[in-house]
Amino acid sequence: MSQDKSPRFLLSANELSKSFGGIKAVNNAKISVNRGSITGLIGPNGAGKTTLFNLLSNFIRPDRGEVIFDGKPIHHLQSYQIAQQGCIRTFQVARVLSKLSVLENMLLATQKQTGENFFRVWFQQKSVRQEERENKERAMAILESVGLIEKAHDYAGALSGGQRKLLEMARTLMTNPKLILLDEPAAGVNPTLIERICKHILTWNQQGISFLIIEHNMDVIMSLCHHVWVLAEGTNLADGTPQEIQNNPQVLEAYLGD
Amino acid sequence: MVGYLVFLTISTALFALFALGLNLQWGFTGLINFGHVAFMTVGAYTTVLLSSQGVPLVIAVIIGAAIASLLGLAIGMSTLRLREDYLAIITIGVSELLRLIALNEEWLTKGAFGVQRYPLPLAGFEPNLIGKIIMIGLLTFIAIFTVWQLWRGMRNRWREGKSIKGKSIQPRKRIGLIIWSVIALALILTVYVNGVIAISNYYNYKVGLMLIVLLVLTAIYWGLELLVHSPWGRVLKSIREDEEIPRALGKNVFWYKLQALMLGGAIAGIAGAFYAWQLTSVYPANFEPLVTFNAWTIVVLGGAGNNAGTLLGAVIFWAYDVLTREYLPYLGILNPTQLGPLRIMVIGLILMLLMVWRPQGILGKKEELTLGR
Ligand SMILES: Nc1ncnc2c1ncn2[C@@H]1O[C@H](COP(=O)(O)OP(=O)(O)OP(=O)(O)O)[C@@H](O)[C@H]1O
Ligand SMILES: [Mg+2]
């Protein structure tokens, strides 16, 4: 799916800054994600990676800076509007609605549902039900592909940590996103599941979805990413291909220092 | 006895309606509204004042509900962007403010003298045989609908018991289910038979009011059941649990909260109109914070986020109210001035015990409380 006219970057952010009291969590940082790419974001603990995600998705309002997504500025939008544009984030500690079923978690994510308008729930019952059936099928197909199908009718709260991560990813897929921001998809997940998660990410990427992935697991970064950004103490340290980053002395120092 | 049961049915139904509004706001969306009576005040006063000026009753009620929902909009706009405790505080304040306005703005509300002699629905209506048959038909329809709802709810619960994996079926739960069904059936039957007798032999204004409030309750209950099982209701439930998730998935959380507040407010406004018709004269003292507390009791008792539970809660609440009001004085232990506070104290005690042993309420799902985040 090459789009010639559109700019090369699906997402680009410049001069992003955010301080919490005295701490400059993100300081004049920039980042960009090429269309159709899997881009990595690494950095030592406390480097400001999660905060950067929060700024990109406007879960936290930046002090300064601009964010362009799909050719349009989005930093003035509300976080739900950013999600509606197709830029969906996940959370470092997977967040699922534990009191809803796994299937309901999936269905919630569907965009532009007729049944989200209460007048239509009353007066267009038929099309609401029809649509719900279709969404269920789609949700079940995605759950099947990630291996959560047996859990579809269980409470999401009954899932293990790794399964929650999977559900969270599967859920973002229900939104038909252009870009998925993954915050440490492999953290606290057993090695076999990590492998499966990586495979899914590659498959979805081939279907045209771009990824920006925060990860401490270097194997994951090296095997998935086309391009990697390094953040340290809130500022850009380096960026380049995984090989370049691996051999960058500054990066090694940032990780080994402190 | 027939007349008394009619009175009880009206009270229960209108409080069920009132509490359904709170259940939508708090039970499903997690909005802490400690001033629910404010919506009722607005609905009641708007309806009686407008209809006194000659506005048709139906239109007066609709305007009352609309203004109540606008009140929800105003409260929501000013507090929903802040932390959730602000809503709790502001709602208490607004409800007291409205009561004080009703008390002091005598040109509008006649203050403490109250509003009297306002039009009542079906006031001069004397049904002939055909009229009575139609009324009994409507009552029958409501009864059948209720039994059908009961059957559906029980069937779902029954199956749920089976489908829980890994755990064996808990027989005690099923016995509980059967007991509750029998109680509910007996209740429906009592109200129905009493209603039929009242319509055919003892028709008066209250009987007509009972029929109307039951019809409205049925319609609103059904509308709410559709809503909470729809994608719309799913968004509300997701907000209740963790609003960051729907936000990250592109839902306008603020707008959904506003809708819940407004819709719940409108329902409470309608309940307010029935409250006024039941009382036949309204005073500011009818809208004390205690009324909000009663709605909370009903919702918590029945199980938050469960409309059928709210109905059950309203029944239990009124049963308790009547039994203690009628029979406690016979014990002769306490004088009347002590009894009033005691009855409320006991409700507090029951709520505390409920929180310890069955925090999910009677019909709530235990899993929903115990599941980890
Ligand atoms: N809401 C907040 N309030 C105050 N300080 C914060 C807040 N969020 C983050 N910080 C601080 O900002 C800095 C960057 O935190 P952030 O969570 O973005 O790091 P990170 O790169 O994601 O780290 P990790 O790899 O451990 O997840 C830290 O010093 C953190 O304590
Ligand atoms: Mg982080």
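## A helix pair in chain B

Let's start in chain B, where the axes of helix α8 (residues 205–228) and helix α11 (residues 253–279) come within 11 Å and cross at roughly 170°. This makes α8(B) roughly antiparallel to α11(B), a label for angles over 145 degrees. Axes here are lines fitted to C-alpha atoms, for helices over the stretch in contact, with angles from 0 to 180 degrees between N-to-C directions. Helices are DSSP runs (H or I, at least four residues), as are strands (E, at least two), and both are numbered from the N terminus.

The α8(B) side of the contact (heavy atoms within 4.5 Å) includes Leu209(B), Ile212(B) and Val216(B), while Leu263(B), Ile267(B) and Phe274(B) are among the α11(B) residues they meet. By class, the contact has 13 nonpolar, one polar and one charged residues. Nonpolar covers Ala, Val, Leu, Ile, Met, Phe, Trp, Tyr, Cys and Pro; charged covers Asp, Glu, Lys and Arg; the others, Gly among them, are polar.

## About the model

This is a predicted model, in which local features need pLDDT of at least 70 and side-chain atom pairs count only at pLDDT 80 or more, while totals for chains, interfaces and linings use all residues. Residues are numbered from 1 along each chain as its sequence is written, chains are lettered from A and ligands numbered from 1 in the order in which they are written, and side-chain values use heavy atoms, without hydrogens and water.

## A magnesium site in chain A

Over in chain A, Thr50(A) (OG1) and Gln92(A) (OE1) coordinate the magnesium ion (ligand 2) at 1.9 to 2.1 Å. Donors are N, O and S atoms within 2.8 Å of the metal (3.2 Å for Na, K and Ca), and sites may look incomplete because water is not among the atoms.

Thr50(A) lies in helix α1 and Gln92(A) in the loop between β6 and α3, so the pair ties together parts that are 42 residues apart in sequence. Thr50(A) is partly exposed at 24% relative accessibility, and so is Gln92(A) at 34%. Buried means under 20% relative accessible area, exposed over 50%, and partly exposed in between (1.4 Å probe, protein chains only).

## A hairpin and positive phi values

Strands β9(A) and β10(A) pair in the antiparallel sense over five bridges; pairing needs at least two bridges found by DSSP. They form a hairpin with two residues between them, and Glu233(A) in the turn has a positive phi of about 50°.

Most residues other than glycine have a negative phi. Lys112(A), however, has a positive phi of about 50°; Lys112(A) is exposed, at 79% relative accessibility.

Key: Parallel < 35°, antiparallel > 145°, perpendicular 65-115°, else oblique.
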